[in-house]
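Welcome! Please take a look at the sequence and the 3D structure before reading on.

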Amino acid sequence: MRTNELKQILTEMTLSEKVGQLVQLTPDFFLAGGEITGPMQEWQMSKEQLFQIGSVLGTHTSEQVMQIQETYLEKSRLKIPLVFMADVIHGYESIYPIPLALASTFSPEIVEEVAQLSAKEATQAGVHVTFSPMGDHVMDARWGRVLESNGEDPTLSAALTRGYVRGYQGGNLSTEKNRLAACVKHFVGYGAAQGGRDYNTVDLSHVNLYQNYLPAFQAAIEEGVELVMTSFNTMDGIPVTGNKEMVQKILRGDLNFEGVVISDWAAVVELIAHRIAKDKKEAASLAFSAGIDMDMMSDSYQTHLAEIVLDTNQQVALDNAVFRILTLKNKLGLFEDPYRGLRELDDNQLAATKKQLAESILTISEKTPVLLKNDNQILPLKVGQKVALIGPKASSQDILGAWSWIGESEKAISLASGLQEKSLELSVLPMEDGQVITDEAINQALILAKENEVVILAIGETSEESGEAASLAQISLSRNQDKLVQAVAQVNPNVAVVLFNGRPLDLSNIVEEVPTILEVWFPGSQGGRSIANLLMGEVNPEGKLPMSFPRSVGQLPLSYLSLSTGRPMHEGNKDQKYISRYMDEGNDALFPFGHGLSYSQFECVDQGISHQAFREDETIEIRLAVKNNSQIAGGTTVQLYIEDLVTKVARPVKELKQWQKVYLEAFEEKEICFTISAEDLFYVHHDLSRSVETGEFNLYIGLSSQDESIKHQVAYTM
Ligand code: NOJ
């Protein structure tokens with residue numbers, strides 16, 4: 001439809017129809033076929049109002065979507081199709097590893113594939129828009145939603161966020177009906193919830209906001225993301241859903257976002273609980289003037305917006321908001337085909353998509369695990385070896401993780417099933433997932449551990465323990481799982497722990513006890529198969545941590561991006577008193593950002609730098625050889641960090657700027673090159689502008705944020 005035709009629709013709309021477009025409800029409002037029962041009754045909604053709403057969130061099947069759309073189009077006066085949105089976060093029915101696991105690949109191309117294929121499956125079930133990607137900057141593993149994030153580094157997160165948007169949206173939503181419009185969330189600061197407690201207060205400096213929290217959103221917007229969701233939290237004391245400065249000035253102004261702004265679930269009415277609004281009318285008024293186009297699951301706009309618009313003369317703002325929603329529907333091609341291809345789908349296409357997804361999920365879930373530790377080369381297992389598989393995650397199918405609401409965990413492949421297909425002498429001692437491990441179960445484990453050459457301990461979290469509303473004050477292994485590890489390690493030193501979880505855990509209780517730890521996160525539908533392939537060495541681990549593992553929960557929030565402070569701790573002063581340190585714990589991570597081992601032995605060898613100094617329009621090249629000093633082929637991620645020695649505002653000691661994935665055959669060596677330009681040195685100043693001054697910089701290249709195998713000092717001059 002052309003713009004003038006869309007504008008024409010707008011002129012035909014009544015005030016109430018315009019407000020309706022800004023309302024999003026769940027499918028249950030339609031379940032009684034529009035009879036006024038249940039939620040409609042509760043909200044005192046009329047039938048007329050129901051058939052004016054703009055959007056539905058959280059449908060499950062294409063039949064449901066077709067039925068709701070059909071009834072709606074039949075009953076609504078203007079027949080503007082509904083737009084259907086849902087949380088397609090790491091797959092729809094076929095589930096990929098969680099986003100934090102996907103971030104361990106450091107690969108925008110991989111997340112692009114995930115997004116593209118998730119979109120394919122979700123659109124076949126009638127979804128038009130996904131509430132993904134989550135671009136929230138995170139530093140606190142107590143916050144359960146780190147599971148949905150890209151980790152603690154803003155540069156990596158921005159690159160991955162771009163990958164998601166590209167994969168979901170493709171090039172043209174109206175012709176590519178197997179693509180979804182993406183909604184980047186949660187704008188902004190949600191990951192900084194105090195104490196890691198979900199929905200809690202946030203208080204951030206603007207320098208921090210611009211440097212660390214905005215880049216992923218900016219990347220999504222540059223990539224053409226269609227929607228932005230505002231967050232639940234406060235910024236500068238005002239919840240973002242009612243915060244004009246955040247939405248109008250920063251999102252619309254500085255970031256130049258022109259698409260639809262949607263609130264988070266009930267966030268408009270929650271302005272009352274924040275004690276920013278005295279009632280629903282005031283809540284609606286604050287949210288609307290802040291710039292929220294669509295009210296997700298509250299009746300504030302529905303009931304009060306028409307009156308507010310009339311009283312305050314905001315007709316133009318209303319028209320603009322409605323027009324943005326009509327534009328989204330138009331881009332999705334809904335005016336031409338409100339069913340967006342659903343009617344033409346056949347069973348063969350659906351089956352082909354499922355098959356394609358299963359293959360892609362298997363390959364990608366082989367790339368997401370991170371080998372944290374592998375002393376004594378316990379892994380890979382050897383063919384024919386006598387192996388005991390023990391623990392709550394041994395046979396568990398609870399391996400999809402949060403946000404797999406349509407995912408079928410009963411079809412997920414458990415680790416036991418994966419390992420049973422391998423040539424091993426395997427004994428399995430499953431334990432009830434999510435239950436406290438009893439002394440009796442530990443005794444059984446000890447008997448089995450003594451009888452076997454190697455013990456795989458499969459432990460971690462249940463899906464309920466990370467994700468939204470899953471904050472934890474303690475992030476150590478719970479339910480006696482640490483006791484199990486300690487006891488087993490006493491009777492058999494050849495223990496490999498396989499960890500299933502959605503957040504960095506505090507592993508200090510077990511890290512010294514066992515030689516090997518493989519972090520597999522929540523690996524998704526094909527988890528057991530991919531992990532078995534990794535344990536057998538048919539595939540080599542290559543994941544790198546996108547988020548640091550702390551030594552203690554007391555260190556949180558923790559990130560490798562810490563600032564120097566006026567009293568930095570180093571080897572020489574670590575026992576002195578008036579130093580920025582803990583008396584009872586180190587400052588550093590147990591496993592730092594960027595860390596991740598391989599069965600191969602990699603080495604970075606410096607091959608020299610092109611210049612020691614450069615100007616604005618010049619670049620510097622650093623060449624290095626990446627060597628595989630082992631007979632096992634494998635892949636790794638080579639990382640380049642910078643340290644700006646003197647700055648106008650305090651900067652992190654190290655910042656990731658570039659990375660390259662390198663795959664090497666046995667004893668192979670490849671030369672790679674990093675090219676550094678002034679752009680890599682830019683940072684946010686006190687006035688929020690981005691620039692860099694002349695001066696000295698250290699460049700570090702290695703295989704983790706703490707690896708300084710290659711170091712150069714360079715000067716940036718005018
Ligand atoms: C609340 C969550 O914060 C958000 O991420 C999600 O997209 C919405 N609910 C919709 O389910």
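Predicted model: local features only at pLDDT ≥ 70, side-chain atom pairs only at ≥ 80, totals over all residues.

Residues are numbered from 1 along each chain as its sequence is written, and side-chain values use heavy atoms, with hydrogens and water left out.

Here are the two pairs; helices (H or I, at least four residues) and strands (E, at least two) are DSSP runs numbered from the N terminus. Axes are lines fitted to C-alpha atoms, for helices over the stretch in contact, and angles run from 0 to 180 degrees between N-to-C directions.

| Helix pair | Angle | Axes apart |
|---|---|---|
| α1 (residues 3-12) and α16 (residues 315-331) | about 130 degrees | 10 Å |
| α8 (residues 108-124) and α9 (residues 154-169) | about 30 degrees | 7 Å |

Angles under 35 degrees count as roughly parallel, over 145 as roughly antiparallel, 65 to 115 as roughly perpendicular and the rest as oblique. Helices α1 and α16 are therefore oblique to each other. Their contact (heavy atoms within 4.5 Å) involves residues including Leu 6 and Ile 9 of α1 and Phe 323 and Leu 326 of α16.

By that angle, α8 and α9 are therefore roughly parallel to each other. Among the residues that meet are Val 111 and Ala 115 in α8, with Leu 160 and Gly 163 in α9.

Finally, UniProt lists residues 636-705 as "domain: Fibronectin type III-like" in an unreviewed entry; positions follow the numbering used here, feature names are shortened, and annotations may be inferred rather than shown by experiment. Over residues 636-705 the chain is 56% strand and 0% helix, and the end C-alpha atoms lie 14 Å apart.
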